[in-house]
Amino acid sequence: MREGFITTAGGRVWYGIEEPATSRSSIPLLTLHGGPGGAHYCLEPLAQLSKFGRTVVFYDQLGCGQSDPTSDPDLWTVDSFVHEIDDVRDQLGLAECHLLGLSWGGMLALEYATRNPVGLRSLVVASAPSSTAQWVKSCNEVRAALPKDVQEALTRHEADGTTESSEYRDAMMVFYTNHVCRKTPWPDCIQKSVDEMDKSPIYAYMNGPSEFFAPGTLRDWTIEADLWKINVPTLVTSGRHDEFTPRAAAELTSQIPGACLVIFEQSAHFAQAEEPERYVKVVNDFLTEAERTH
C-alpha cells in the first residue's frame with residue numbers, strides 16, 4: 001500500500017492507496033470508515049478489489065487513526081468531515097471516483113452524494129442510516145431481543161449516568177458480539193477500528209457512550225429529506241444480524257432513486273470482514289456495472 005498525508009485546515013490526514021499489480025483500467029474507489037472516531041482498518045478487506053484491477057483509496061479522518069489528533073470540537077462536525085472528502089479527492093487527483101461509506105462513513109457518503117459533487121460515479125452505503133433517529137430505532141429493535149438481565153443493566157446504567165462501568169461495557173459486548181461482528185475472535189481489522197473508537201473523544205462527543213444510546217451532537221442529524229437528490233447508481237448493504245437491520249436498510253433503499261439492496265446472510269455490521277470474498281465480489285460487480293451503464 002502506498003501511504004502518505006494530505007493537508008486540511010485542521011491538520012494532516014493519512015491516506016493509503018492499494019493499487020492493482022496490472023495497469024489501472026477502472027475508476028478508483030474512495031472509502032469512508034466508521035465511527036465517528038474509528039479508522040480505516042475495518043475497511044482493509046476491500047483492498048482485495050485491486051485483484052480486479054481497481055485502485056482502492058483509504059484514509060483516516062482527521063483526529064482518527066494515523067491522521068493528526070485534534071482536540072477542537074469545532075472540527076467535529078458533519079460539514080467538516082464532508083469537506084474533508086473534497087480535500088482528499090483534490091489532493092490525490094480523484095477527478096472521478098466511486099464512494100463507499102461504512103456506518104458513520106455511510107452517513108457522510110449520503111451527505112456528500114446529495115450535494116451532487118462533480119465526478120462521483122456511484123455510491124455504496126454499507127450499514128448506514130439516513131438519520132440518527134433511524135439508527136437508534138434499529139439498534140433498539142435488536143437490543144430488545146437481548147437477554148432480560150443484559151437489557152436491565154444497559155437501561156439502569158444509562159439512566160444513572162454510569163455508562164463507564166464494567167457492567168455496562170460487559171452488557172454492550174453481548175450486543176456487539178451478536179450485532180456488530182459475529183466472528184470469534186474478531187478479525188484484527190475490526191478489533192483495531194473498535195479500539196480506535198474506544199479511545200477517541202470524537203465518538204463520545206458526536207455519538208455518545210454506545211451504539212444505541214446517542215445523546216451526542218449527531219442526535220438530531222438527518223438527511224432523509226434530501227435523499228431524492230442522489231443521482232448516481234447506489235448500492236445499500238446490510239448484514240442479516242446487523243444492528244442496522246435489513247428492514248432499516250430496505251427503508252433507506254426505497255428513499256434513494258434507483259437504489260438496490262444486498263443482504264449478507266452470515267454477517268452482522270461488518271459484512272466486508274465477515275463475508276469478505278462475497279462482499280468484494282458484490283461491490284466489484286456493482287462498480288463495474290455502474291461504469292458500463294452510466
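A polar contact here is a pair of N or O atoms within 3.5 Å, where one must be able to donate a hydrogen and the other to accept it. Keep that in mind for Ser26, whose side chain reaches the backbone oxygen of Gly53 at 3.1 Å. One more thing before we go on: this is a predicted model.

Ser26 sits in the loop between strand E2 (11–18) and strand E3 (29–32). Is Ser26 buried or exposed? Its relative accessibility is 17%, so Ser26 counts as buried.

Another serine is worth a look. Ser165 is in the loop between helix H4 (148–160) and H5, and Ser165 is partly exposed, at a relative accessible area of 21%. The cut-off for buried is under 20%, so the 21% of Ser165 puts this serine in the partly exposed class. The side chain of Ser165 is joined to that of His157 by a polar contact of 3.3 Å. A polar atom of the Ser165 side chain also lies 3.2 Å from the backbone nitrogen of Tyr168.

Now for the empty space. Rolling a probe the size of a water molecule over the atoms shows where such space is left. The largest pocket holds about 440 Å³. It has 25 lining residues, and those closest to the pocket centre are Tyr176, Met197, Asp198, Tyr203 and Glu211. Which helices each supply at least two residues of this lining? They include helix H5 (166–179), helix H6 (188–199) and helix H7 (201–206). H6 gives the largest share, with 4 residues. Sorted by class, the lining of the largest pocket comes out as 11 nonpolar, 9 polar and 5 charged residues.

The largest cavity contains about 110 Å³. Its lining is made of 13 residues, with Gly35, Pro36, Met107, Trp135 and Asn207 nearest the centre. Helix H2 (104–114) and H3 each put at least two residues into the lining of the largest cavity. By class, that lining has 8 nonpolar residues, 4 polar ones and 1 charged one.

Two of those names, Gly35 and Pro36, are also joined by a cis peptide bond, with omega about 0 degrees. Pro36 is in the loop between E3 and E4. A cis peptide bond also joins Thr184 and Pro185, this time with omega about -10 degrees. Pro185 belongs to the loop between H5 and H6.

On to the rings. Searching the whole structure turns up 6 aromatic pairs. One of them is Trp76 with Tyr205, an edge-to-face pair at 5.2 Å centre to centre and 70 degrees between the planes. Where in the chain do Trp76 and Tyr205 come from? Trp76 is in the loop between strand E4 (56–59) and helix H1 (78–92), while Tyr205 is in helix H7, so the pair links distant parts of the chain, 129 residues apart. Trp76 counts as buried, at 7% relative accessibility, whereas Tyr205 is partly exposed, with a relative accessible area of 35%.

Trp135 is in helix H3 (residues 132–143) and Phe244 is in the loop between strand E7 (234–239) and helix H8 (246–255), so the pair ties together parts 109 residues apart in sequence. Both Trp135 and Phe244 are buried. Elsewhere, Phe175, Tyr176 and Phe212 make up one aromatic cluster; Tyr176 is also among the residues closest to the centre of the largest pocket.

Lys192 lies over the face of Tyr41, 4.2 Å from the ring centre. Arg278 has its charged end over the ring of Phe264, 4.6 Å from the centre.

Last stop, the backbone. Asn116 has a phi near 50 degrees, a positive value in a residue other than glycine. This residue, Asn116, is in the loop between H2 and strand E6 (120–126), and Asn116 is partly exposed, with a relative accessible area of 35%. Ser127 likewise has a positive phi, near 50 degrees, and lies in the loop between E6 and H3. Is Ser127 buried or exposed? Ser127 is buried, with a relative accessible area of 4%.

Notes
Residues numbered from 1 in each chain as written. Predicted model: local features only at pLDDT ≥ 70, side-chain atom pairs only at ≥ 80, totals over all residues. Heavy atoms only, no water. 1 Å grid on protein atoms, 1.4 Å probe; cavity = no way out; pocket = protein on both sides within 12 Å on 5 of 7 lines; lining within 4 Å. Points joined across faces, edges and corners; volume = space filled by probe spheres on them. Nonpolar A, V, L, I, M, F, W, Y, C, P; charged D, E, K, R; others polar. Phe/Tyr/Trp six-rings, centres within 6.5 Å; stacked < 30°, edge-to-face > 60°. Buried < 20%, exposed > 50% of the residue type's maximum accessible area, 1.4 Å probe, protein only. Lys NZ or Arg CZ within 6 Å of the ring centre and 35° of its normal.
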